[in-house]
Every structure is written in structure tokens, then in C-alpha cells.
Amino acid sequence: MIIDLPSTTTSQVNSKLVQLREEGGAVTLGRVLTLVIVTDDGAKTEDAVDAANDASREHPCRVIVVARGARKAAPRLDAQIRVGGDAGASEVIVLRLYGELANEGASCVVPLLLPDTPVVAWWPHEAPPVPALDPIGQLAQRRITDAAAEKNPIKALDQRKASYTPGDTDLAWTRLTLWRAMLASAFDLPPYEKVTEAEVSGEADSPSTDLLAAWLAGALRVPVKRSKAARGVGIVDVRLVRRSGEVELVRPDGKVGTLSQPGQPARRVALQRREIRDCLAEELRRLDPDEVYELALKALGKVVRGRGPAKTSAAAKNTAGPKTSTASKGAAESKTSTASKSTAASNATAARKPSSPARKPAVDQPVSADGKAPARSAKSAAGNGAAPKAKART
């Protein structure tokens, strides 16, 4: 059932809720929390309400939607109450605020909060720079944002790191639950070796990929590279390097992943991309601060983007061909240097010697008047191994 209350007040909305409770027997005391959704009025508002209705089947709650309309319009509050089949297991109150009231969402929410129940604030699209300092965020124990829905997801993730306050969380982090569970389970099987380096690849603007790389860097304390995948959506590939080989979890189609590791057969696992309603339901299960998410945010600065971390010796042997050792390299350089010096010395000596001219007569040999050298003596010829002649010419 849907009841519209145009140009109304929060007092009239409360009175109508009491009337519906008396007539229909809605049990407000059965609600476990109050979920406040903050968004701009538009087509996406209904998507957020549908996700909240699905999550309310696991967590019965009162859902208050603050839909901010045109700021230049006259101040007006249009309310809508949904109960029964149109509200899942909750009761939904949609507040459309126009004009100056668009900036007074907290004042309109306070009279409608359930007494003695926790408050959770959710920004399904654009979130304030510091959710904990937002007027509605100050009313909530938990504050849920979604960096993937922002115009610049990576920049939004950096803003989450700078403004983190205990109680903050992000659906980009919740989407990693299955990935973290599968990677953790891989270490329950032998060999039990330490990871020396890791690499995570995915879409360039995927904040979940950045958070997964940061989680590995903070938890394992090893170099982690974050690279862009050639194809696929969201997170595509995770590679963990160990001494005996690599542990790899690949999901190229966004639905089914393959986990492979040395000594074990490859396993196909379900890694379907999670819907918003599933992520929201998971976040509503806890109201305490998420320390692991905080650890991942702090480790974002340790992730290497665009270039790989320094490889360990074991990884270098597995991924590269044989390399010349330092000693061999030094010996080779020494031999090359010695050979070069010897060659240079030879060239210098050769340069100092005159080139061999055409055959000339010996200096101490007499020369005949006609300019011809006399024939060598028989004795000289014999000493040179030549056959002796009968008589030397004079």
C-alpha cells in the first residue's frame, strides 16, 4: 500500500504512521534499526529503495529516504508512505525535499527515527566529503558509501581514506568478501609457504581492485602491484608468488573464477559480481567498526601502480631466464678490459713502426755504378739457405 502526502509536514507523517499501525497492525517494535537513504530525487531513487526492501527481509527496519529535489523551487515537503507488499519487511517513508528544505534533511529525519534503535546512513550515489561530519551522518552509528557509484571512483576512494572515521564502510569493500574468502582458503592447503609478492589486475576505475591490493599489502606485508586488465570487468586476476610456485585466482567473465596452485588441481569457484542488495544486507549485519576495512584503507599507499615491485630471487628464477652471476659478470668484464688494453697496445706499437716499403738494398752493401745491387756471395746465400752459385758477378 502506498499513501501520498503532498505538501505535508513531519508531524502529519507521524500521525499517519500511527493511524496505519492501528488499522493494519504493523508492528513497529519488530524493527531492528532505522536505515536512512540519502540521494537526489530521480530515477535512481527507486533502485535504492528496491535494494533496501530486499535487505529488509533479513533485517526488518524502517527505511527513511531523503530525496533532495530542485534547490530553486519553493520550500516544500512531499511525503510518501509504503507498507505491506510495497515495502518488503519494512515500512518505507520517502521524503522529497525542495528549495531550502533540501539542505535540512537531518531536521526532517529526526522526528521519524524509531526510539532506542540503531541508525544506519547510506549514500547510494554521491557521498559527502566527510560522512561522519554530515548532519545525517552524525545521527548514525554506521555510515555506508559506494565509491564505485561516484564520478571518479579512485579519487573517491582516496577521499574515504582521508576522512575515515570508525563506523565508516564502503560497498566497494563489501564486494570483496568472496574474493577474500577464496584467497584465504587457498592457504589452508599445503605447501604452507610465505608469499613473497603479489599482483592484482582489474578495470582501471575499479575501487574494489585497489582495496583488494591494499588488503593484501597490509595483511601479508609484501610488495603488491596493481595493474590494469586487458579485458574483463571489476577484479579479473589475483596472483600470489610463493617459493614453490604461484597461487592464481582468475575471473575473466565476471561470473566464474578458477583457482590454481602448485600441487593441486585447478578448481572452478562461483565469483558472481555481487548485487547492491546483497552487499547492503551484509553491511547491516554489524554495527561495530570494521577494523579490516580501516587496515586496507591505510595500506592504499603501499600499492604499486603502473610498475611491478622488485622481484625476489625465487620469483626471478621462475619468471626469467638464467642470468650471469655477479662474479662471472665481473670476470667477463675483466677479461674484456684486458683484451681491450692488449689490442690497444698492439695498435700503438704498430703505429710507431714504419710501414714496410718495397724491397731496398742493405745499407752496407755496395752499389754498382748502374744503380744495381750486386749479387750476394755464395757464403751469404748458403747461410740463408739458398743454393750457391758458381761465381759471383763483379
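**Figure 1. Overview of the predicted chain.** Residues are numbered from 1 along each chain as its sequence is written, and side-chain values use heavy atoms, with hydrogens and water left out. The chain has twelve helices and 15 strands. Helices (H or I, at least four residues) and strands (E, at least two) are DSSP runs, numbered from the N terminus. Of the 394 residues, 41% are buried. Buried means under 20% relative accessible area, exposed over 50%, and partly exposed in between (1.4 Å probe, protein chains only). Among contacts between residues at least 6 apart in sequence, 70% join residues at least 24 apart. Contact means heavy atoms within 4.5 Å.

**Figure 2. The largest nonpolar core.** This core has 35 residues. A nonpolar core is a set of buried Ala, Val, Leu, Ile, Met, Phe, Trp, Tyr and Cys residues joined through side-chain atoms within 4.5 Å. Leu211, Leu212, Leu216 and Val238 have the most contacts inside it. Two or more residues come from each of α5 (171–174), α6 (177–186), β9 (197–202), α7 (207–220), β11 (235–242), β12 (245–250) and α9 (291–298). Helix α7 gives the most, with seven residues. Leucine 216 touches Leu183, Ala198, Val200, Arg221, Val224, Val238 and Leu240, not counting residues up to four places away in sequence. A second, separate core has 26 residues, including Ile3, Leu17, Ala79 and Ile93. In soluble globular proteins, nonpolar side chains tend to be buried together.

**Figure 3. Helix α7 against α9.** Two packed helices are described by the angle between their axes and the distance between the axes. The axes of α7 and α9 come within 7 Å and cross at roughly 95°. Axes are lines fitted to C-alpha atoms, for helices over the stretch in contact, and angles run from 0 to 180 degrees between N-to-C directions. The two helices are therefore roughly perpendicular to each other. Angles under 35 degrees count as roughly parallel, over 145 as roughly antiparallel, 65 to 115 as roughly perpendicular and the rest as oblique. Helix α7 contributes Leu211, Ala214, Trp215 and Gly218 to the contact, while α9 contributes Val292, Tyr293, Leu295, Ala296 and Leu297. By class, there are eight nonpolar, one polar and no charged residues. Ala, Val, Leu, Ile, Met, Phe, Trp, Tyr, Cys and Pro count as nonpolar, Asp, Glu, Lys and Arg as charged, and the others, Gly among them, as polar.

**Figure 4. Helix α4 against α7.** The axes of α4 (residues 153–162) and α7 come within 9 Å and cross at roughly 45°. The pair is therefore oblique. Pro153, Ile154 and Leu157 of α4 meet Pro207, Asp210 and Leu211 of α7. Five of these contact residues are nonpolar, none is polar and one is charged.

**Figure 5. Leucine 77 in strand β4.** Strand β4 spans residues 76–82 and holds leucine 77. With 5% relative accessibility, leucine 77 counts as buried. Beyond four places in sequence, its contacts include Leu5, Pro6, Leu95, Leu97 and Leu101. Leucine 77 and cysteine 108 are 31 residues apart in sequence, yet 9.1 Å apart in space, C-alpha to C-alpha.

**Figure 6. Proline 135 in a loop.** Proline 135 sits in the loop between β6 (119–122) and β7 (142–145). Its relative accessible area is 48%, so it is partly exposed. Glycine 105 lies 30 residues away along the chain, with 8.0 Å between the C-alpha atoms of proline 135 and glycine 105.

Figure 7. Most residues other than glycine have a negative phi, and most peptide bonds are trans. Proline 190 and proline 191 are joined by a cis peptide bond, with omega about 0°. Proline 191 belongs to the loop between α6 and β9. Aspartate 116 has a positive phi, near 60°. It is in the loop between α3 (105–109) and β6, and its 85% relative accessibility makes it exposed. Arginine 221 also has a positive phi, near 55°. Arginine 221 lies between α7 and β10 (224–228) and is exposed at 76% relative accessibility.

Key. This is a predicted model: local features need pLDDT of at least 70, side-chain atom pairs count only at pLDDT 80 or more; totals for chains, interfaces and linings use all residues.
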